[in-house]
Amino acid sequence: MPALGFGTLIPDPVATRTATRAALEAGFRQLDASERYRNEKEVGEAIQEVFQAGAIRREDVFIATKLWNNNHRPERVKPAFEASLQKLQLDYVDLYLIHTPFAFRPGDEQDPRDANGDVIYDKGVTLLETWGALERLVDEGRCKAIGLSDVSLDQTKAIFEAGRIKPAVVHVESHPYLPQWELLDYCRTNGIVLQAFAALGHSSEPKLLDDPVIAAIAERVTKTPAQVLLAWAIQRGTALLTTSKTPNRIKENFEVSALPQDAVREISDGIKSRVRFNTVVETGVPGFIPREKRV
């Protein structure tokens, strides 16, 4: 699994295709998708366009997608997985993740709500039961590895200790304002890859790219603040995702080189702010995706 990955959480379908193609052409060889993003079809079209051009082969690209909350019941997992494969136009994925540990009411509605506007959860299934259904997909050879997303350390431990197949990846928000050191240590000890999303702060306030420590290091080493943040994430031992719709920015974000070790320590030890930008871990509702409109 390449350390540097491209996330496809892009609301506009045309921009999704353009950005995914640009990411592969810039050198990214890891793509992160999800049924909840509602754009697997466009990601698949972009992937196939690039493969058909002949310069990049399927086996050169590590492709991940995710199971959404309304499909946690074991009998719903395989149909949801196969629907993702069909949209992506793939025979297999390299990684399949449970998008959040929250089960929503099973059905076609991704964001089921009651009359008060509150999420309708499904108490009839456990995370371990959903994990068992993912294990069976690995047995069938349709996905090479499985993992967890938006989970706590305790939830990670529970699946690691009880699961027949251990999580290969834990995908969580992480950056200098949310370093997740304890979770990272557990993952390192147990051979799990911690993959950081929102590695650049997702343009949220307070802006990580404007942090004075990051800005000073960027000026000192003649890199962009984004390149500094991405290098820090890799050098501390995580994989990461970055997303952009702009081809030049996509190319810039791929051109990451190592920071001096004193700069890595300065970020790790010198930044004391603690901010979580995405509240998905509290409710299962993704903070970076707008709520679907009701008809």
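Q: Leaving aside its neighbours within four places in sequence, which residues is F62 in contact with?

A: Contact means heavy atoms within 4.5 Å. F62 is in contact with M1, P2, R29, Q30, L31, D94 and L95. Take R29: 33 residues separate it from F62 in sequence, yet the two are 6.0 Å apart in space, C-alpha to C-alpha. One caution on the source: this is a predicted model, where local features need pLDDT of at least 70, side-chain atom pairs count only at pLDDT 80 or more, and totals for chains, interfaces and linings use all residues. Residues are numbered from 1 along each chain as its sequence is written, and side-chain values use heavy atoms, with hydrogens and water left out.

Q: Where is F62 placed, and is F62 buried or exposed?

A: Helices (H or I, at least four residues) and strands (E, at least two) are DSSP runs, numbered from the N terminus. F62 is in strand β3, residues 62-67. Buried means under 20% relative accessible area, exposed over 50%, and partly exposed in between, with a 1.4 Å probe and protein chains only. F62 has 16%, so it is buried.

Q: How many helices and strands does the chain have?

A: The chain has 11 helices and 8 strands. Buried residues make up 56% of its 295 residues. Of the contacts with a separation of 6 or more, 75% join residues 24 or more positions apart.

Q: What does the radius of gyration say about the chain?

A: The radius is taken over C-alpha atoms, and the globule rule is 2.2 Å times the number of residues to the power 0.38. For 295 residues, a compact globule would have a value near 19 Å; the chain has 19 Å, so the two agree. The C-alpha trace spans about 55 × 45 × 40 Å along its principal axes.

Q: Which residues touch the most other members of the largest nonpolar core?

A: In soluble globular proteins, nonpolar side chains tend to be buried together. A nonpolar core is a set of buried Ala, Val, Leu, Ile, Met, Phe, Trp, Tyr and Cys residues joined through side-chain atoms within 4.5 Å. Here the largest has 78 residues, and F6, V93, Y96, V228, L259 and I267 touch the most other members. Helix α8, residues 225-235, gives the most to this core, with 7 residues. A second, separate core has 6 residues, including F62, L97, A145 and V169.

Q: Why is α8 largely enclosed by the rest of the structure?

A: Because 8 of its 11 residues are buried. Among them are V228, L230 and W232. The buried residues of α8 pack against α6, α7, β8, α9 and α10. Just after α8, G237 takes a positive phi of about 105°.

Q: Is H175 buried or exposed?

A: H175 is buried, at 1% relative accessible area. Its place is the loop between β6 and α6. Its contacts beyond four places in sequence include A198, L208, W232 and F277.

Q: Which residues other than glycine have a positive phi?

A: R38 is one, with phi near 60°. R38 lies in the loop between β2 and α2 and is exposed, at 53%. Q89 is another case, at about 60°. Q89 lies in the loop between α3 and β4 and counts as partly exposed, at 42%.

Q: Which residues does a cis peptide bond join?

A: E205 and P206, with omega about -10°. P206 lies in the loop between β7 and α7.
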